[in-house]
Amino acid sequence: MSDYPEKTCEIGNLVRHPKSVAAVRGGQKTQQRRDGVYAHPGETFELEGDTFEVVSLQRQRLGDISDADARAEGYPALEVYKQVILSMHAGMTWNADDLVWVHQFTKQGN
């Protein structure tokens, strides 16, 4: 039994946007933040024939996201990441105390 909460979504929905899929496949994106749990460490998912393994899952405050975290999400800087997220979720505000789940993954078969 793990210390992780029950999943709230399917792993196949973790990375869906075409630009995100391309960034994951190209190695520019190694993390996905979500408000729910989509996968537990050790689980795998496929994107256009490539297999990726979730290697960690952790909670993070929005206020603790760094430029390095934004780069792991496939963006050049935190401010760019914030603007994209806010534009995708109408009415959302960036509350530093809000929590997200960080899914970190690696490509298999390298």
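Asp-50 and Arg-25 form a salt bridge, with their closest N and O atoms 2.9 Å apart; the term stands for a side-chain nitrogen of Lys or Arg within 4 Å of a carboxyl oxygen of Asp or Glu. Because Asp-50 belongs to strand β3 (residues 50–61) and Arg-25 to helix α1 (residues 18–25), the pair ties together parts that are 25 residues apart in sequence. Helices (H or I, at least four residues) and strands (E, at least two) are DSSP runs, numbered from the N terminus. The model is predicted, and local features need pLDDT of at least 70, side-chain atom pairs count only at pLDDT 80 or more, and totals for chains, interfaces and linings use all residues. Residues are numbered from 1 along each chain as its sequence is written, and side-chain values use heavy atoms, with hydrogens and water left out.

Asp-50 is buried at 16% relative accessibility, whereas Arg-25 is partly exposed at 32%; buried means under 20% relative accessible area, exposed over 50%, and partly exposed in between (1.4 Å probe, protein chains only). Arg-25 and Asp-50 also belong to a network of salt bridges that includes Glu-48 and Lys-107.

| Pair | Closest N and O atoms |
|---|---|
| Lys-29 and Glu-73 | 2.5 Å |
| Arg-33 and Glu-73 | 3.2 Å |

Arg-33 in strand β1 and Glu-73 in the loop between α2 and α3 are 40 residues apart, so this pair links distant parts of the chain. Arg-33 is buried, with a relative accessible area of 7%, and Glu-73 is buried at 4%. Across the whole structure, the search finds 10 salt bridges.
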